[in-house]
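Reader: I am new to this structure and would be grateful for a close look at a single part of it, followed by its setting.

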Amino acid sequence: MRRMRAHCVHGGTSMSVEQGRGRVGAPGEALSWHVGARGRARAALRSPYFPIWPATALLFLVSPLIAPGSMGTSALSSTVPFAAILAIASVGQTLVIQQRGLDLSVPGMISLATIVITKYPGGLDSGLASAVALVVGASVATGVVNGFAVTRLGVTPLIATLGVNALLLGVILQITGGSSTAVPAPSLVSLAFDKTAGIPNTVIIAAGVVVAVSLFMRHTVIGRRFVIVGTNSPAAYVAGIPVRTYVWGTYVAAALFYSLAAVLLAGYVGTPGLSAGNDYLLPSITAVVLGGASLAGGAGSVVGTALGAVFLIQLQQDVFGAGAPTSVQYLIQAGVIGSAMALRNLRAGSDLRHAVGRLLHRGRLPATGPAT
Amino acid sequence: MPAPGSHDALLCLTDIVKTYSGVRALSGVSFDVRSGEVHALLGENGAGKSTLMAVAAGALAPDSGTVEIGGRRLERPVPSDAQSLGLSVVYQHPSVLDDLTVAENLLFALAPDRRPAHRSRAAWAREQLRVVGCDADPSARAGELSVADRQLLEIAKALALDAKVLVLDEPTESLTAAEADRLIAQVHAVRARGAAVVYISHRLPEVRRIADRITVLRDGSVSGTVLADEVRDDEILQMIVGRPMSQTFPEKPPRPSEPLAPHFVASGLRGHRLRDVTVDVAPGEIVGLAGVEGNGQREALRALAGLLPLRGEVEIGGVRADTRTPRRSRRAGIFYLPHDRHGEGIFGALSVRENLTALVLRELARGGTVRSRHETRTASTQVDAFAVKTASLESPVSTLSGGNQQKVVIARTFLARPKVLLFDEPTRGVDVGARMEIYRLLRQAADEGRSVIVASSDAVELEGLCDKVLVFSRGQVVRVLTGPEITESNITGAAITATVEHTADPSDARSARPRRRRFAAFARSDLAPSGVIALIIAALAVATDVGHPLFLGTRDVTSMLLLASILAFASMGQLVVLLGASLDLSVGPLVGLTVVILSFFATPGAGYGGLALGVLVAGAVGVAVGATNTFLIRTLRIGPVISTLVTYIALQGVSLLLRPQPAGPLGSGVTTGIQQAFGPIPVVFVVAVVVALVADRFLHRHHLGSELRAVGSDEVRAFRVGARVAPTLLAAHVVCALLAVAAGVVLASQVGIGDPSLGTDYTLTSLAAAVLGGASIFGGRGSFVGAFLGALLLQEVINTTTFLGLAQAWQEYLPGLLIVLGAGVYSRMRSAAVSRSGSTT
């Protein structure tokens with residue numbers, strides 16, 4: 001049995017399936033722990049969060065070939081902050097997706113936060129603290145409304161956040177009257193532009209967020225319960241975990257991350273206008289998906305998501321750097337996301353033959369695959 | 001008695017053998033039913049009744065043996081083949097399509113050419129229902145029927161097929177006495193027509209009333225076939241029980257001479273399926289809840305666990321316990337171990353360690369942080385103590401065998417120091433070796449002074465394990481067995497001879513006054529949102545007109561209606577896929593791409609010929625987009641959101657590729673042509689109205705419409721009743737794309753130039769309009785008129801806010817509020833309807 005398993009390493013059978021089979025055949029067999037250690041390494045390679053690592057590494061390796069300037073210091077220093085900001089926003093999206101949601105209020109929240117943080121201080125550092133407080137208040141309120149609609153009104157997250165996004169756009173029109181030329185306070189600008197020990201602050205903050213969230217999820221009681229609720233909320237409910245409170249908290253935390261991203265964005269771009277957040281909805285979802293999370297919810301990795309964000313921005317940079325127009329940019333993005341998803345599903349859902357089988361026998365079997 | 005296989009038998013199973021992973025479920029069973037006969041099939045849970053009938057219905061392939069229906073052999077194990085040979089099964093859990101009407105569910109049973117014309121359908125359906133004694137409204141949504149009516153509907157479906165062989169699997173389990181009487185009368189009528197009936201039941205009194213012959217299965221073989229009026233109850237019972245005890249059980253403690261004061265007392269329990277139940281557990285006791293499945297045992301456990309509402313007193317060690325929520329039950333020391341291990345027990349994707357410590361994270365933590373080493377040590381101790389076989393502590397728990405998963409659940413619960421253990425089917429899906437250990441652990445828990453209550457459908461298990469057994473029937477305890485009385489025979493005997501009747505639930509919606517009922521039915525229908533939205537639209541228009549008498553009948557109205565029709569086409573497209581429980585984000589970019597395409601063909605010189613060519617090309621692109629979306633969703637199994645996000649991005653790319661900058665003015669003759677109006681009403685608006693009306697009619701009158709809603713309602717059930725799932729979804733995505741193209745044509749006339757940046761907004765707005773119009777993104781529900789009106793309202797809000805003197809912000813506030821509140825109200829109504837129908841699954 002064990003030898004067979006060792007042979008299976010290259011056989012493409014997933015670790016879990018294989019173990020399950022071994023068990024059925026030999027229920028009494030005790031597995032020794034060293035097999036487990038190797039199994040863990042193999043499981044890590046098979047993890048859905050793994051492929052984004054080599055993919056990102058490969059992208060950076062070929063970048064100089066595609067677009068010679070794209071790895072230069074000036075090119076990097078102009079793209080890296082955007083990647084960092086997208087990564088922070090995508091961390092919020094990851095949390096929502098982990099709880100089987102999808103957050104469409106990203107653009108509204110980011111736009112609103114950029115406006116609040118630039119408008120109220122009036123370009124002066126003195127007003128910055130109260131503006132930050134206001135942003136935090138707005139984020140908590142947004143999260144609470146989202147959570148209320150989802151947990152109390154029973155509205156699907158997709159629709160609830162779509163409605164809340166409209167409400168946020170309303171607030172934006174209300175407080176700006178339809179135009180905004182406000183500029184960020186100087187210390188916000190320097191926060192976004194400066195480097196500490198040679199590393200851009202935005203990167204430090206993004207890395208801090210990712211590491212903190214990752215550790216939080218793994219080691220704190222609240223984080224662990226959050227993961228438990230996301231994995232199987234009916235079981236969590238049976239186990240006595242207040243599921244609704246966690247879902248509620250998810251939307252609040254997510255809104256806070258969008259706002260953090262927005263504050264850095266405002267500092268970085270200067271005059272953010274009214275719709276700075278529009279560019280963050282689809283990319284935030286894409287980054288989560290590239291990072292290996294499934295839209296069916298449950299699992300997710302903020303580290304994977306952050307890499308997904310880096311990958312997406314670098315891909316953009318490469319295509320631009322190669323002199324290709326936006327149109328090609330879009331087509332390449334679509335191709336990359338589509339093939340990444342297709343490959344992952346083929347990996348997870350056995351193999352290509354099944355896909356071909358489905359194609360040939362359309363309608364014979366209802367597909368029961370993961371709704372990603 | 002004729003030998004099995006005799007020629008007047010309409011169903012004849014010969015020497016059926018079926019093995020599941022080494023376990024013999026059926027070892028050479030022969031069974032036949034003759035024309036004009038009711039043949040009852042009895043046996044304990046797991047005796048092989050369902051397996052045998054699944055083989056007969058073609059749902060399972062036997063290892064060996066033959067199935068003959070109506071004298072013809074079933075060559076392939078395919079349900080539709082068995083059906084066309086004349087066999088029809090009514091399952092205990094009806095496979096009714098909830099979002100379809102009662103009449104549509106009935107129609108699905110018939111081959112398309114046998115379906116009655118639309119006009120006579122209601123009468124036809126009413127007749128079919130009358131036959132089974134069901135007075136449900138044929139136009140009611142099946143999901144809103146009571147459990148009993150759903151059961152009757154299933155039977156009516158089987159009868160409408162004119163089945164030669166009718167298999168009824170515990171048909172009266174959820175019926176009241178009066179309903180069961182009606183059903184039994186119907187079975188008599190079917191028999192009189194010459195059909196053969198297989199009647200699976202656990203209730204002897206009922207079997208006595210109905211059956212001509214009785215076959216008893218035990219452990220996968222026939223333990224006897226007898227004529228019903230030549231056999232006594234106790235003889236049948238003898239045939240049912242007597243399964244060898246294949247298990248060794250931990251020794252029971254001697255019964256104390258004086259009964260001990262109970263440690264756990266739950267008295268006067270009333271609730272869902274519970275009628276005045278009392279359970280008490282003395283120290284050291286294991287109490288079993290027995291009975292045929294679905295008679296309140298599970299509900300008693302779930303109610304005590306805080307998962308179901310409960311009235312009654314619960315005391316632990318003399319202290320009252322609060323069981324209003326799972327959390328409060330847990331605080332009181334009550335822990336529930338569910339029967340549905342995958343759904344409610346384990347956290348499948350998480351590791352063994354994470355599962356083991358899930359309930360005690362707080363105890364393992366210091367300052368809110370789980371102490372990692374402490375946790376690992378605790379988990380590893382539990383793995384050893386409970387002999388959990390796992391590759392490592394970090395293996396996902398889903399990779400463990402069923403028995404080891406169950407041990408993880410037990411180990412996890414023991415770690416939390418429970419006072420009361422409620423164990424629902426402790427050994428379901430558990431291998432023999434692990435079973436023994438689980439029994440030992442339960443006995444150990446009882447010895448430690450915890451109150452252990454076990455619900456099980458396995459009487460042998462209860463006999464071996466329990467110190468006291470309560471036998472349930474229809475929500476009541478019909479017998480309490482203690483000490484030497486606890487035998488399989490007594491348990492099964494009490495369960496199958498109980499004569500308790502269901503009584504009608506006073507909270508049943510059907511007993512409500514008829515007028516309110518009719519209003520409630522309207523409120524829950526797909527039309528209600530349309531009515532409400534139409535009212536809001538009218539009110540808004542009147543309010544605007546009062547303030548600005550010039551509003552109605554002016555150019556403002558014309559341009560508003562023109563814009564509304566663009567959105568209406570897009571949202572009707574979105575609705576088509578929503579009905580099929582899919583989603584299309586690429587609607588917006590496709591609207592934009594259509595504008596770009598037209599800018600190449602409908603050029604100033606090209607006239608209407610150019611327009612026609614452009615529309616044709618855009619239409620072809622639409623078909624390709626719909627097919628691509630379906631390919632990504634169905635074949636590559638990338639979910640609808642990501643699939644259509646991919647096409648969304650790609651279509652934007654194509655638009656920009658064709659027109660990097662806005663260019664290519666459209667011929668003004670063509671654009672004014674598209675924008676032509678009757679007075680203030682644009683022609684395209686009228687077209688949109690007509691499309692909405694026709695599409696709604698099609699949706700409800702044409703078979704393809706109900707097929708689409710069936711697929712969206714429940715793909716698996718739809719497949720089972722013969723809907724063509726994949727072609728239906730392909731058609732839905734293509735139609736959606738074509739409607740997006742229609743929206744693009746109107747938008748092109750509005751902007752007059754090939755602008756690549758347009759259209760994307762229509763993605764989310766179309767979704768909002770469809771949902772506002774009552775569509776459910778879970779599929780199966782919605783109306784085109786609703787989507788149309790939703791679009792009109794969203795556009796009206798944008799156009800009238802300024803007239804009404806509202807700040808511009810209200811252009812966003814109003815839609816936002818409408819979406820959130822509207823979706824909230826719809827969701828409430830639907831869940832209310834579902835809970836009224838009493839379905840618990």
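Which are the buried residues of H18(B)?

Author: The model is predicted: local features need pLDDT of at least 70, side-chain atom pairs count only at pLDDT 80 or more, and totals for chains, interfaces and linings use all residues. Residues are numbered from 1 along each chain as its sequence is written, while chains are lettered from A and ligands numbered from 1 in the order in which they are written.

The buried residues of H18(B) are B:Glu488, B:Asn490, B:Ile491, B:Thr492, B:Gly493, B:Ala494, B:Ala495 and B:Ile496. A residue is buried if 20 or more other C-beta atoms lie within 10 Å of its own, exposed if 12 or fewer, and partly exposed in between, with C-beta atoms placed from the backbone. Helix H18 covers residues 488-497 of chain B, and 8 of its 10 residues are buried. Helices (H or I, at least four residues) and strands (E, at least two) are DSSP runs, numbered from the N terminus. The cover over the buried residues of H18(B) includes helices H7 (204-210), H8 (233-240) and H17 (459-465) of chain B. Strands E13 (286-290), E21 (468-473) and E22 (476-482) of chain B are also included in this cover.

Chain B is divided into domain 1 (9-88 + 159-240), domain 2 (264-497) and domain 3 (562-796), with bounds that come from an automatic or database domain assignment. The C-alpha centres of domain 1 and domain 3 of chain B lie 51 Å apart.

Another covered helix is H15 (residues 402-415) of chain B, in which 13 of 14 residues are buried. From first C-alpha to last, H15(B) reaches 20 Å, close to the 20 Å expected at 1.5 Å a residue; the expected span is 1.5 Å times one less than the number of residues. Just after H15(B), B:Arg417 takes a positive phi of about 50°.

A strand may be considered next. Strand E8 (residues 196-200) of chain B is largely enclosed by the rest of the structure, because 5 of its 5 residues are buried. B:Ala196, B:Val198 and B:Ile200 point one way from E8(B), whereas B:Val197 and B:Tyr199 point the other way. Strand E3 (residues 37-42) of chain B pairs with E8(B) in the parallel sense over 5 bridges, where two strands pair if DSSP finds at least two bridges between them. Within this pairing, B:Glu37 has B:Ala196 as its bridge partner in E8(B). Strand E7 (residues 165-169) of chain B also runs parallel to E8(B), joined by 5 bridges, and B:Asp169 has B:Ile200 as its bridge partner.

The largest nonpolar core has 375 residues, and those with the most contacts inside it are B:Leu11 and B:Leu422. Such a core is a set of buried Ala, Val, Leu, Ile, Met, Phe, Trp, Tyr and Cys residues joined through C-beta atoms within 7 Å. Leaving aside neighbours within four places in sequence, B:Leu422 is in contact with residues including B:Leu301, B:Ile334, B:Phe335 and B:Ile453; two residues are in contact if their C-beta atoms, placed from the backbone, lie within 7 Å.

As a whole, chain B has 32 helices and 26 strands, and 56% of its 841 residues count as buried. Finally, 81 residues of chain B are in contact with 79 residues of chain A. Helix H32 (residues 810-836) of chain B gives the largest share of the side of chain B that touches chain A, 13 residues.
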